[in-house]
Each structure stands twice: as structure tokens, then as C-alpha cells.
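This report describes one protein for a reader who has not seen it before. Please look over the sequence and the structure before reading on.

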Amino acid sequence: MGLLVPYDASPLSKAALVRAKQFDVILEEGVTALTVVPRGNTSYARERGWIGADEAFDMESVLATLERSVRAIAPDAAFESIPVGRSSPYGTIANRIRRFAADNDVSIVFIGSENAGRMVGSLSVGSAVSAGSGYDTMIISEAVPAKIEKLEEALPSEELLEPDG
């Protein structure tokens, strides 16, 4: 079993990684940050800040950037990536995350992507992933995780997140 964080380097996915790391101090299951990257989709990568305005898409560079971002918060977390087609059909990213969770016996998925809080929205990766069975889902809706005393005692969140999220 383990703890899974769908990770895109957004402030909410960083907060989800912090929360997973805090839970891992108590549960000792291990944390995996998982990124699903559309191959060659320059605009998708730019929108997420993975590449600069004038940079060409390079999968190795994108993954290295994302892994560095994960390591800055959770040095011991595993980093996994799944490439998908440049223009994958709707639901592909959520389906890959759910499949990864099922294949890896994940106990909790910590969702904190840009639109994860819109659980009623049918376009949310968060709502699609949270519908998976076999694991619990924790939705992180604030860029700075709420202070839960026991978790903060185990691992203070301010030590993991930069002031700007």
C-alpha cells in the first residue's frame, strides 16, 4: 500500500504532496508523486509552467523539472510519470491515475490539482479520480494545508512549502 499524489507542480498539488508526506510520517506507507504528461503538448506544458514561453517541449527536461519540484518538498517520495498522447481523449489523465492507484495498491490518493475542488464539475480530473474504488481520496482545496495539530506536530507544513505556495 502507499500514498499517491497526482502531481503537476501547481500550488494545490504541492499542498497535496505536503499532506501526503505528513500522513506518511504516521502511516509509514511511502509517498509516490505521479505526473501524467501529454507527449509534445507544448501549450499544456507552458500553461503549467513546466517550460518557458520560448522553450520547445522536451519530455526529459519536463520530467526533470517536475521531479526537482517533488524533491524540494518530499526528497524521499518516489516520482513516477506516465506519458500519454499529445491530444488524448477526455478522461485519459484521470483513467491513468486510477489505473496506477489500482495497480499499485494505493491506500489514499491526495488530490490537489487546479480544479480538484470542483467536485461537482464534470470536467475535473479530481472528481474522476475520486470516483475510483479501492482507495480513499483526500481533496486538498487550499494551497497551504489547514493546520491539523497532530500532522503539524509530526511534520510542520511551513517547513515544506515556500511562502508563495
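How many residues does α1 have, and how far does α1 reach from its first C-alpha to its last? In this predicted model, α1 has 17 residues. Its reach is 24 Å, close to the 24 Å expected at 1.5 Å a residue.

## Overall layout

The protein contains 6 helices and 5 strands. Read from the N terminus, the order of its elements is β-α-β-α-α-β-α-β-α-β-α.

Of its 165 residues, 45% count as buried. The protein exposes about 8500 Å², and carbon and sulfur atoms supply 50% of that area. Among contacts with a separation of 6 or more, 68% are between residues 24 or more positions apart.

## The largest nonpolar core

The largest nonpolar core is made of 32 residues. Val 5, Tyr 7, Leu 17 and Phe 110 have the most contacts inside this core. Two or more residues come from each of β1 (2–6), α1 (11–27), β2 (31–38), α2 (42–47), α3 (59–73) and β4 (106–111). Helix α1 gives the most, with 6 residues.

What does Phe 110 touch, if residues up to four places away in sequence are not counted? On that basis, Phe 110 touches Leu 3, Leu 4, Val 5 and Pro 6, and also Ala 16, Arg 19, Ala 20, Phe 23 and Met 138.

## Helix α1

The buried residues of α1 are Leu 12, Ser 13, Ala 15, Ala 16, Leu 17, Val 18, Arg 19, Ala 20, Lys 21, Gln 22 and Phe 23. The elements that cover them include the strands β1, β2, β4 and β5 (136–139). The helices α3 and α6 (149–154) are also among the elements that cover these residues.

Ala 20, in helix α1, can be taken as an example. Is Ala 20 buried or exposed? Ala 20 counts as buried because its relative accessible area is 0%, and the limit for buried is under 20%. Leaving out residues up to four places away in sequence, Ala 20 touches Leu 3, Val 5, Val 31 and Phe 110. Ala 20 and Met 138 are 118 residues apart in sequence, yet their C-alpha atoms are 9.2 Å apart in space.

Val 25, Ile 26 and Leu 27 form a nonpolar patch on the surface. Together these residues have about 240 Å² of accessible area. Ile 26 lies in helix α1. Just after α1 comes Glu 28, which takes a positive phi of about 55°.

Thr 32 is found in strand β2. Why does Thr 32 count as buried? Its relative accessible area is 17%, so Thr 32 falls within the limit of under 20%. With neighbours within four places in sequence left aside, Thr 32 is in contact with Leu 3, Leu 4, Val 5, Ala 78, Glu 80 and Phe 100.

Phe 100 is one of the buried residues of α4, along with Thr 92, Ala 94, Ile 97 and Ala 101. Helix α4 covers residues 92–103 and has 12 residues. From its first C-alpha to its last, α4 reaches 16 Å, close to the 16 Å expected at 1.5 Å a residue. Asp 105 follows α4 and has a positive phi, near 50°.

## Salt bridges

How many salt bridges does the structure hold? There are 2.

One joins the side chains of Arg 71 and Glu 67, at 3.1 Å from N to O. Both residues lie in helix α3, 4 residues apart, which is about one turn of the helix. Arg 71 is partly exposed, at 29% relative accessibility, and Glu 67 is also partly exposed, at 31%.

In the other, the side chains of Arg 48 and Glu 47 meet at 3.3 Å from N to O. Arg 48 counts as partly exposed, at 29% relative accessibility. Glu 47 counts as exposed because its relative accessible area is 62%, and exposed residues are those over 50%.

Key: Residues numbered from 1 in each chain as written. Predicted model: local features only at pLDDT ≥ 70, side-chain atom pairs only at ≥ 80, totals over all residues. Heavy atoms only, no water. Core = buried A, V, L, I, M, F, W, Y, C linked by side-chain atoms within 4.5 Å. Buried < 20%, exposed > 50% of the residue type's maximum accessible area, 1.4 Å probe, protein only. Contact = heavy atoms within 4.5 Å. Patch = residues over 30% accessible without salt bridge, like charges linked within 9 Å, V, L, I, M, F, W, Y side chains within 5 Å. Areas by Shrake-Rupley, 256 points an atom, 1.4 Å probe, with all protein chains shown as cover. Salt bridge = Lys/Arg side-chain N within 4 Å of Asp/Glu carboxyl O. Expected span 1.5 Å × (residues − 1).
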